[in-house]
Amino acid sequence: MPEPSVAEGPMPETPMPGPLRELTTLRLGGPPRRLVVATSEAELVAAVTEMDAVDEPVLVLGGGSNLVVSDDGFDGTVVAVRTRGISACPDTDVPTCGGVTLTVAAGEPWDDVVAMAVQRTWTGVEALSGIPGSTGAVPIQNVGAYGQEVSQTIASVRTWDRRTATQQTFANADCGFGYRDSRFKAEPGRWVVLEVTFQLLVGELSAPVGYAELARTLGVRIGERAPLADVREAVLELRRGKGMVLDDADHDTWSAGSFFTNPVLDAEAAARLPGDAPRWEQPDGSVKTSAAWLIDRAGFAKGHTHGRVALSGKHTLALTNRGGASTDELLALAREIRESVRERYGVSLVNEPVTVGCSL
Ligand code: EPU
């Protein structure tokens with residue numbers, strides 16, 4: 001058999017990239033033109049710089065858990081971030097007072113970082129257990145769940161700025177963090193996250209539990225602490241119950257997590273919601289409501305099926321691929337949901353995953 005031809009370049013590259021559905025948790029998306037797998041930071045920066053120099057479109061791919069890729073694939077080069085490395089300072093198993101600084105390469109799977117933190121009694125990320133994807137992705141949309149957000153523990157984010165072709169490090173206060181938002185999301189594609197540094201406290205107990213459902217599961221009150229490992233287990237159990245822990249054998253988990261963000265409404269718009277709609281008052285006077293609830297009430301129950309796509313049987317906010325679906329089918333269902341919620345409640349749902357080569 002002849003050797004497959006590989007385009008010139010220093011990076012490991014697959015000769016004939018397979019479809020992106022093999023690299024996304026929704027298992028959707030056609031092929032890219034080229035695929036480069038970067039296992040070191042030097043390779044990652046070189047790959048992106050090389051493509052930018054010739055104006056080749058680049059898609060930087062982490063865990064593929066927050067992407068909706070067109071059936072036509074990506075007409076450019078996908079750079080898969082597979083960098084590794086975690087360092088802790090001080091690096092000791094002896095409990096120290098104060099905290100620990102944890103520096104993590106972008107390609108490290110996020111849940112491995114959480115598992116390690118819990119095992120070594122570092123607190124601050126335990127409620128973010130079971131979230132798919134890579135560590136480099138977590139600052140982009142300020143990943144959050146069960147009362148914690150990564151913005152509460154991120155000290156700094158080191159990036160490659162594609163616009164100026166230089167490295168830039170941002171302290172937490174300069175990251176522009178908001179609900180599922182950051183300066184990195186605000187300028188899509190400009191920043192390639194290379195490394196994230198976390199500041200964690202040391203102790204056997206979790207950070208104060210800030211989410212009612214989690215507090216109930218743990219048998220504590222809001223604001224109380226619980227053993228770190230118990231919090232991780234409780235979060236994993238809750239997430240499994242909502243189909244939010246990846247499982248190859250379970251179609252309910254073939255999703256990109258929440259498909260829509262929870263709408264944040266001004267007081268006037270919030271007043272127009274039905275009386276029994278969930279409401280979470282925000283410090284600035286706005287009101288966050290539940291996208292899952294609006295979807296449910298607009299006539300799309302758990303398990304609502306349309307051909308080969310369906311709402312998860314466990315949570316109305318996750319759109320799932322039941323096997324062999326297309327991106328077009330998924331987007332058609334998402335549009336139908338968005339239109340129905342808009343008609344009934346005057347609220348425009350915004351998609352949370354990033355769309356590539358397509359839009360809602
Ligand atoms: N609800 C329904 N129907 C459902 C599910 C939920 O009506 O099928 C209503 C209930 O009233 C419930 C409320 O929605 O009380 C909130 O549900 P849940 O606690 O599951 O949280 P969520 O707002 O739907 C958010 C995040 C999740 C995160 C959970 C837990 C967003 C867009 N989603 O979901 O994050 O795991 O809280 O903290 O903020 C993700 O971003 O991909 C993600 C999974």
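**Domains**

The model is a predicted one, and the domain assignment of the chain gives three parts, namely domain 1 (13–81), domain 2 (86–241) and domain 3 (251–356). The centres of domain 1 and domain 2, taken over C-alpha atoms, are separated by 25 Å, and the two are in contact through 13 residues of domain 1 and 13 residues of domain 2.

**The ligand site**

The ligand lies between domain 2 (86–241) and domain 3 (251–356), because both of these domains give residues to the shell around the ligand. That shell holds 25 residues, of which Tyr146, Tyr179, Tyr211, Asn262 and Ser290 come nearest to the ligand. By residue class, the shell around the ligand divides into 10 nonpolar, eight polar and seven charged residues. Two elements of secondary structure, β9 (144–145) and α7 (291–297), each supply at least two residues of this shell, and α7 gives the most, with three residues.

| Residue | Protein atom | Distance to an oxygen atom of the ligand |
|---|---|---|
| Tyr146 | polar backbone atom | 2.6 Å |
| Arg180 | N or O atom in the side chain | 2.9 Å |
| Glu352 | polar side-chain atom | 3.2 Å |

Taken alone, the ligand exposes 820 Å², and the protein buries 81% of that area. In general terms, the size of an interface is often given as the accessible area lost when the parts come together.

Strands of a sheet pair through backbone hydrogen bonds, in either a parallel or an antiparallel sense. Between β15 and strand β16 (residues 287–288) the antiparallel pairing runs over two bridges, and Trp280 has Lys288 in β16 as its bridge partner.

Another open sheet is also built from three strands with antiparallel pairing, here in the order β17-β18-β19. The edge strands are β17 (305–306) and β19 (319–321), each of which pairs on one side only. Two bridges connect β17 with strand β18 (residues 309–311) in the antiparallel sense, and Thr305 stands opposite Ala310 in β18.

**A hairpin**

Strand β11 (residues 154–161) and strand β12 (residues 166–171) run antiparallel and are joined by six bridges. Together β11 and β12 form a hairpin with four residues between them, and Ala165, which is in the turn, has a positive phi of about 55°. Asp161 stands opposite Thr166 in β12.

**Local backbone features**

In one of them, a cis peptide bond joins Cys89 and Pro90, with omega at about 0°, and Pro90 is found in the loop between β6 (86–89) and β7 (99–105). In the other, Asp55 has a phi near 60°, which is a positive value in a residue other than glycine, and the place of Asp55 is in the loop between α1 (41–53) and β3 (58–61).

**Summary**

Note on methods
Residues numbered from 1 in each chain as written. Predicted model: local features only at pLDDT ≥ 70, side-chain atom pairs only at ≥ 80, totals over all residues. Heavy atoms only, no water. Near = heavy atom within 4 Å. Polar contact = N/O pair within 3.5 Å; in protein donor to acceptor, adjacent residues only side chain to side chain. Areas by Shrake-Rupley, 256 points an atom, 1.4 Å probe, with all protein chains shown as cover. Nonpolar A, V, L, I, M, F, W, Y, C, P; charged D, E, K, R; others polar. Domains from an automatic or database assignment. Pairing = 2+ DSSP bridges. Contact = heavy atoms within 4.5 Å.
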